[in-house]
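Please look at the sequence and the model shown here. How is this chain put together?

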Amino acid sequence: MHGVIVEALELLHATIPSTIEIRHSLLTEASVLADPTQLHQIVINLCTNAEYAMRKTGGVLVIMLDDFEVKEENVRSVSGLQVGPHVRLTVQDNGTGMSPEVLERMFDPFFTTKAKGKGTGLGLSICHGIIEQHGGAITAHSSKGKGSVFTVFLPVADQNEPDLSEGLVSSQGSV
């Protein structure tokens, strides 16, 4: 996850207007069992949406990555979350924010607040699906005029899983 975010940050620095400051704090290099292309899609989509919310006025985009131990009380408050070690990705902006009505529908396919021809309404829906497919969860908090915070939780890959290449034999011996 760390490497995916570093790569995405390089792309974002090149494409986001200079009126938006990008800050990041990447405090973990824990692995998640997921397709890097899909992880990249999540990061870019969340950051692009944040950029859109700050396009007119500028602002600060904050990207954080850290370890997070999900406890029973977290599971009760966040749908789809499982107890155990997770990587937590937070994307925060101080843009236009969203109304409660928009927050309620933002993960619906084809729902968009953008003008016709400016967005498909698929970005957050696809991100939500990818995150759930990988056993994770996403939350969003926002206030109109104050910005938004998206938090993605993905389970840490089990480091104790056996190496599947051990014991395999090729025509040239053990691999």
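The paragraphs below go from the sheet to the core and then to single residues. Keep in mind that this is a predicted model.

Start with the sheet. Five strands form it, in the order β1-β2-β3-β5-β4. The sheet is open, and its pairing is mixed. Which strands stand at the edges? They are β1 and β4. Each has a single partner strand, so one side of each lacks a neighbour in the sheet. From one strand to the next, the twist averages 15°. Helix α1 packs on this sheet and touches β1, β2 and β3. The direction of α1 makes about 170° with that of β1.

Strands β4 and β5 run antiparallel, and seven bridges join them. Within this pair, alanine 137 stands opposite phenylalanine 153 of β5. The two strands make a hairpin, with three residues between them. There, glycine 145 takes a positive phi near 85°. Is β4, an edge strand, mostly covered or mostly open? It is mostly covered, for five of its seven residues are buried.

Next comes the interior. In soluble globular proteins, nonpolar side chains tend to be buried together. Here the largest nonpolar core has 39 residues. Met1, Ile5, Leu61, Ile63, Leu89 and Phe150 have the most contacts inside it. The helices that give two or more residues are α1 (2-15), α2 (36-54) and α5 (123-133). The strands that do so are β1 (20-26), β2 (59-70), β3 (84-93), β4 (137-143) and β5 (147-155). Which element gives the most? It is α2, with eight residues. There is also a second, separate core of six residues. Among them are Phe68, Val78, Leu81 and Ala137.

What does it touch, beyond its neighbours within four places in sequence? The list includes Leu46, Leu89, Val91, Met98, Met106, Phe107, Leu124 and Ile138. Thr90, Thr139 and Ala140 are also in contact with phenylalanine 150.

Turn to helix α5. Its buried residues are Leu124, Ser125, Cys127, Ile130 and Ile131. An α-helix has 3.6 residues a turn, so residues three or four places apart point the same way. What covers the buried residues of α5? The cover includes α2, β4 and β5. Glycine 129 also lies in α5. Is this glycine buried or partly exposed? Its relative accessible area is 32%, so it counts as partly exposed. Glycine 129 and phenylalanine 107 are 22 residues apart in sequence, yet their C-alpha atoms are 9.0 Å apart in space. After α5 comes glycine 135, with a positive phi near 75°.

What about the cysteines? Cysteine 47 has 0% relative accessibility and therefore counts as buried. Cysteine 127 has 1%, so it counts as buried too. A disulfide is a covalent bond between the sulfur atoms of two cysteines. How many disulfides does the model have? The count comes to zero.

A buried residue can also be polar. Take serine 148, in strand β5. Its relative accessibility is 4%, so it counts as buried. The side chain of serine 148 makes a polar contact of 2.8 Å with the side chain of serine 142. Leaving out residues up to four places away, serine 148 touches Val91, Gln92, Asp93, Gly97, Met98, His141 and Ser142.

Histidine 2 and leucine 26 are 24 residues apart in sequence. Where do they stand in space? Their C-alpha atoms are 6.9 Å apart. Beyond its neighbours within four places in sequence, histidine 2 is in contact with Leu26, Thr28, Glu29 and Leu65.

How values were computed: Residues are numbered from 1 along each chain as its sequence is written. This is a predicted model: local features need pLDDT of at least 70, side-chain atom pairs count only at pLDDT 80 or more; totals for chains, interfaces and linings use all residues. Side-chain values use heavy atoms; hydrogens and water are left out. A nonpolar core is a set of buried Ala, Val, Leu, Ile, Met, Phe, Trp, Tyr and Cys residues joined through side-chain atoms within 4.5 Å. Buried means under 20% relative accessible area, exposed over 50%, partly exposed in between (1.4 Å probe, protein chains only). Helices (H or I, at least four residues) and strands (E, at least two) are DSSP runs, numbered from the N terminus. Contact means heavy atoms within 4.5 Å. A disulfide is a pair of cysteine sulfur atoms within 2.5 Å. A polar contact is a pair of N or O atoms within 3.5 Å; within protein, one must be able to donate a hydrogen and the other to accept it, and residues adjacent in sequence count only if both atoms are side-chain atoms. Two strands pair if DSSP finds at least two bridges between them. Axes are lines fitted to C-alpha atoms, for helices over the stretch in contact, and angles run from 0 to 180 degrees between N-to-C directions.
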